[in-house]
Amino acid sequence: VDPCNIVFADDNVKAICVANWDNNGDGELSYAEAAAVTTLNPSGESNSSVFKGNTNITSFNELQYFTGLTNIGTYSFMNCSNLTSIILPSTVTTLGIGVLRGCSRLVSVTLPESLSEIGSAMFQLCSALTQIDIPGSVTQIKGLAFSGCTNLNSIVVPASVTNVLYN
């Protein structure tokens, strides 16, 4: 095992990452290759990503190594209905509309301290989500962010959040 390569917990996520960002063709994704990624939408197609609607992926904690990302685009993981956990990179400052919308089995999400805004419908229909901690850096939570989160028992919202648009 090469210590320069990311060890993915989910083979489906690894396959997608290697297909899109393995620049040296070795069938692996190195930490450097992940850090060079600036968008989850290499095709440039509007409101889409290489993960959107994928019902096979179950975890993507390795996303934390994609430190070239500052924005997770609209609907990037929408309807990834078997996704249970995700860790966003420490470099992300904004999340587009519905990034995790319809991830009905999501139970664990780690938001970075760099995040300033949570987009509309961010967690909409994430019915397995029971608690979430909003980082102190967040100043705005847009409408419908938690709509349909039927099991959400705890949202820790810091005093820094001055603009919350309720569902």
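I take contact to mean heavy atoms within 4.5 Å. I also keep in mind that this is a predicted model.

**Entry 1: Phe 60**

I started with Phe 60 and asked which residues it is in contact with, leaving aside its neighbours within four places in sequence. My list reads Phe 8, Val 13, Cys 17, Phe 51, Phe 66, Phe 77, Leu 83, Ser 85, Ile 86 and Ile 87. Next I looked up the largest nonpolar core, which has 45 residues. Phe 60 is among those with the most contacts inside this core, along with Phe 77, Leu 100 and Phe 123. Helix H1, residues 11-21, gives the most to the core, with four residues.

**Entry 2: the rings**

I counted aromatic pairs and got eight in the structure. I picked Phe 51 and Phe 60, whose ring centres are 5.0 Å apart. Is that pair stacked or tilted? The planes stand at 45°, so I wrote down tilted. Both Phe 51 and Phe 60 are buried. They also belong to one aromatic cluster, which I listed as Trp 21, Phe 51, Phe 60, Phe 66 and Phe 77.

**Entry 3**

I found an open sheet of three strands in the order S1-S3-S5, with parallel pairing. S1 pairs with strand S3, residues 85-87, over two bridges in the parallel sense. I traced Ser 59 across to S3, where its bridge partner is Ser 85.

**Entry 4: helix H1**

Which residues of H1 are buried? I got Val 13, Ile 16, Cys 17, Val 18 and Trp 21. Then I looked at what covers them, and H2 and S1 are included. At the N-terminal end of H1 I found a cap, Asp 10. One of its side-chain oxygens lies 2.7 Å from the backbone nitrogen of Asn 12.

**Entry 5: Glu 33**

I moved on to helix H2 (residues 31-35), where Glu 33 lies. Buried or exposed? Glu 33 has a relative accessible area of 8%, so I logged it as buried. Its side chain reaches the backbone nitrogen of Ser 30 at 2.8 Å. Apart from neighbours within four places in sequence, Glu 33 is in contact with Trp 21, Asp 22, Asn 23, Asn 24 and Glu 28. I looked at Asp 22 again: it is 11 residues from Glu 33 in sequence and 6.7 Å away in space, C-alpha to C-alpha.

**Entry 6: salt bridges**

How many salt bridges are there? I counted two. One joins Glu 28 and Lys 14, with the closest N and O atoms 3.0 Å apart. That pair links distant parts of the chain, with Glu 28 in the loop between H1 and H2 and Lys 14 in helix H1, 14 residues apart. Glu 28 is partly exposed at 24% relative accessibility, and Lys 14 is partly exposed at 22%.

I also looked up the pair of Lys 142 and Glu 117, where the closest N and O atoms are 3.5 Å apart. Lys 142 is in the loop between strands S8 (140-141) and S9 (154-156) and Glu 117 is in strand S6, so the pair ties together parts 25 residues apart in sequence. Lys 142 is partly exposed at 27%, and Glu 117 is partly exposed at 21%.

Definitions and conventions: Residues numbered from 1 in each chain as written. Predicted model: local features only at pLDDT ≥ 70, side-chain atom pairs only at ≥ 80, totals over all residues. Heavy atoms only, no water. Buried < 20%, exposed > 50% of the residue type's maximum accessible area, 1.4 Å probe, protein only. Polar contact = N/O pair within 3.5 Å; in protein donor to acceptor, adjacent residues only side chain to side chain. Pairing = 2+ DSSP bridges. Core = buried A, V, L, I, M, F, W, Y, C linked by side-chain atoms within 4.5 Å. Phe/Tyr/Trp six-rings, centres within 6.5 Å; stacked < 30°, edge-to-face > 60°. Salt bridge = Lys/Arg side-chain N within 4 Å of Asp/Glu carboxyl O.
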